[in-house]
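Morning, everyone. I have one structure to walk through today. Have a look at it first.

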Amino acid sequence: MRKSTLSRVLALTLSVMLVLTACGGNTANNEPSGTNETPGTTETPATETGSEPIKDLVISKVLTRELETFNTLYSQRAEDSENLTNLVDPLLEVDTYGKLVPAIAKEWGTEDGGLNWTFKLRDDVKWVDINGNEKANTTAWDFATGLEWIMNFHKNDSNNTSMPIEMIKGAEEYYEYTKALSPEEGKALTAGEGSKFLEMVGIEIPDDYTVIYHCITEKPYFDTVATYNCLYPMAQAMVDELGGVDGVTAMNNENMWYNGAYTMTSYIQGNEKIFTKNPLYWDKECDLFDTVTIKMVDSNDVAFQLYQSGELDYVILTESNVKTINENPNHEFHDYLVPDVPSKYSYQFHFNFQKNKEDGTPDTNWNTAIANTAFRKAWYYGLDLKEYYKRTNPITPMVCENNFYTMKGLVYNSKGTEYTELVRQQLGLPEQNGENMVRLDKAKFEEYKKQAMDELTALGVTFPVEVDHYISASSQTALDSANVLKQAMSNTLGDDFVKLNIKTYVSSLNKEVITPKLQSIALNGWGADYGDPQNYLGQETYGNDNAYYSGHYSNINFMTEDTEATKDLLAAYREYTRLVEEADAITTDLDARYDAYAKAEAYMLDNVLILPLNYSIGWSLSKVDVTSRMDAMFGIQNEKIKNWRTNKDGYTTEQAEKLEAEYEAGK
Amino acid sequence: MFKYTVKRLAQSFITVFIVVTLVFLLMRMLPTDYYFTEEQLMKFTEQQKNDQLLAAGLLDPVPEQLLRFYGQLLRLDFGESRRIQNGVPVVKVIGTKFEISMKMGLTSLGIAVVIGIVMGIIQAQYKNRIPDHLGTAYTIFVNAVPPLVSYSLVLIFGSRVLGLPSIYSSRNPGPSSILPIVCLAMLSIAWWALWTRRYMIDEINKDYIKLARIKGLPTKKIMRKHVLRNAFVPLAQYLPASILTTVGGSLLVERFFSVPGMGPLLTDSIHRYDLNVVQTLVIMYSVLSILGVFLGDVLMIVVDPRITLTNKGGTR
């Protein structure tokens, strides 16, 4: 009798569970039903490894990288752009080497050193709805509408305005003009013929398939801006269909218009997105997946579990996973470790020259020490970061070695020489050897350390100098890395010289630490918005309000008085700024321009105004040939899932190395 | 009862009003930099920041902002999300998540109540014997092991041995809900078992039960009609609150299994300074908590008519 009661209870429980969970199938979003029947499906070619390619790709992203907006023009976050780049196409895109190639613009150019840029558009690019049904042609007017949207104060919350203001004639004036209007008046503006926008702003639409941008001064790199959010298109007909500005602000995957490689046929916030191949996509030759599913996961450890159970096709490995797999020859993935491609970010130590203590008073000890050239040079020549690199890459840590400010591969001169190679030559640094950091020099370190201690002691500085380094309070990974850095500083710079204090912030580095100027150093990466060294070097110039790091991290812009302690530092910044401005002025000869920037960058590094930290190059398990991905060191294109080669069985380390060698040879 | 209900509702309204006002004021006390994303802080000039704050009404005097906020609440206008889903009405953002958390929470609660109470009854009946020890061991285990460790064990066992999906999928909600539901129910089962056992043992040791045994009533009847019924009275008080708070989801479980529910929403919205979402959630949780306590009181009266809420004395 007792048994039967228990059975009834269990049966009831299971019934309740099944009834309730079965109800969960309906979602507000469209299911990807029938996606395999989409017309225009192209066969993905067999891979070189002989294994079958994947038709329905499944990848993951950590939950913190969730999408916040469907409007590319509004988005300023990489987390948004890495999704949206698959949904809307711009004028140009990049190839696997980061070179600009045609997209909606079939040809483009400038005849006056970058003052005026003409883009000739294809006439077969369609806007489609979520189901791939044609809505309209993509025309030059859509690029005018896009730019008007960005520059209109009442439409885009001022997002993405900085580059157009800096580069395009009349953009700033139009922004100010709209700001003075009421919200209703501002929202009613468009970019149509005879509009105030066309009258004021340096954009011209001579016909439906030609767009001309007029720059303020010569911008020889302006075409690379075409891969960034601020020059993306928007169809006025879509704005009208959605009911105006507020409708666009709230638009979602179900009502937006697409002209990119995929439409997003399902979006469950915090869980899953499904991209389905756009049947009317303009590039008929490219290889696309039938569907791409992006699963949002709590961490890369969970992603690894999913890869193990066959639910994912690509996973970036954490340090512990790499070690576990690499150190066990019998591990199922031991032969499948694939070196990942570098991200577009170049990481640096940014020194704060105007540091405050937590009570808001200046940290004189640190500020005096860091203004001393010998003190900074001792860091440059002495700080060995090899153990720190192992946090990102435990197998080949030295691929993470960074000796430059600008990211490798950003631009090449006419001889095919990569820009940072020019900087290396200027600095007289040896080539990287894969074993040790090439900038280290024990003798110079000892010499500068002694000099710094002598000079600074005379100025009243006490040693060891306390170095406040802030990390996220909730990140164990950040804490582990900070502890490794602390050990590295202790081992190589010496406990008598500096002492790293690991401190924490709760949710926002910028708001809790950078704004009140509490940090001594900030470890931060910069990824270029467009393809020119100016986008890097311009962030560090002195006295320039638009120089991000000078105004936020180093705070050098707030240092105006030449004192005994600061005169050398300010002189170095002034000279560096002069060199950058000299390079900025060279607009017709790109080789000379890059040489001039390389000289400025070498000067900055020689004076250790920043200290290069690392590149982010880890390991992955992958059924995707990572070398087949778009790989530009600027713009928002790198996550565009187009022409990706895949292998259902996953790439072995050997295969990946062969593919990488082929890729390097093709450069 | 009517008088009691009116009094409680009035108290509840005042409580919600105070909570909402406090949250509003606390959020406005944060530096205005919190209004902007990290990227906006990077790229905006000071003038642009100021213009945006002005346009959003955040530079208006706080009393003015507060009155505007009350006005919106009276119109049931909870505004739009700025960060979680830019431009989307808060009610819609919450609505989709609410449904998922509620279904999953009610399922796990149903399982936990049934299994937990049955476990507690068996433990009480076999006090200090093997079934009791097993139940106690389970209770200690799930309470002692950190949740993320036990979730990982469930994940590995469920996905590798049973072949269940590792994370929630809206396309396959049934099977992919099993592991999160198991994790949600695990701790809850222990709670219900622990307290059922405890209250039942309390009752078993009382004189009226001893008298019933002496009078020759069958054990089963004593356990069902007297012990369980009386032991359930204090437990009943928590049942409505448990049901209502299921809509809040579970931060840990939902994050771990990528369930797009309510669990992480409040922390995410605070973290991202999504004011309208924070305010709406706080109102919702306050109302649910107050309602849960009220219904708990009512349920106690239903389960045990000896209890009154208005007359002094005569209570248990």
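Axes here are lines fitted to C-alpha atoms, for helices over the stretch in contact, and angles run from 0 to 180 degrees between N-to-C directions. One caution: this is a predicted model.

Start with a helix pair in chain B. Two packed helices are described by the angle between their axes and the distance between the axes. Helix 7 of chain B covers residues 147-161, and helix 8 of chain B covers residues 173-204. Their angle is about 145°, and their axes are 10 Å apart. The crossing of helix 7 and helix 8 of chain B is right-handed.

Which residues in helix 7 of chain B meet helix 8 of chain B? They are Ser150(B), Tyr151(B), Val154(B), Leu155(B) and Gly158(B). From helix 8 of chain B come Leu179(B), Val182(B), Cys183(B) and Met186(B). By class, this contact has seven nonpolar residues, two polar and no charged.

Now the domains. Chain B splits into domain 1, residues 2-74, and domain 2, residues 90-274 + 286-303. The C-alpha centres of these two domains of chain B are 35 Å apart. Seven residues of domain 1 and five residues of domain 2 make the contact in chain B. On the domain 1 side, the classes are four nonpolar, two polar and one charged.

Last, the chains. 48 residues of chain A are in contact with 49 residues of chain B. Which element gives the largest share of the chain A side? Helix 1 of chain A, with nine residues. Other elements of chain A giving two or more residues include strand 12 (291-297) and helix 11 (300-308). The chain A side divides into 17 nonpolar, 20 polar and 11 charged residues.

Notes. Residues are numbered from 1 along each chain as its sequence is written. Chains are lettered from A and ligands numbered from 1 in the order in which they are written. This is a predicted model: local features need pLDDT of at least 70, side-chain atom pairs count only at pLDDT 80 or more; totals for chains, interfaces and linings use all residues. Domain bounds come from an automatic or database domain assignment. Two residues are in contact if their C-beta atoms, placed from the backbone, lie within 7 Å. Ala, Val, Leu, Ile, Met, Phe, Trp, Tyr, Cys and Pro count as nonpolar, Asp, Glu, Lys and Arg as charged, and the others, Gly among them, as polar. Helices (H or I, at least four residues) and strands (E, at least two) are DSSP runs, numbered from the N terminus. A crossing is left-handed if the near helix is turned anticlockwise from the far one by less than a right angle, and right-handed if clockwise.
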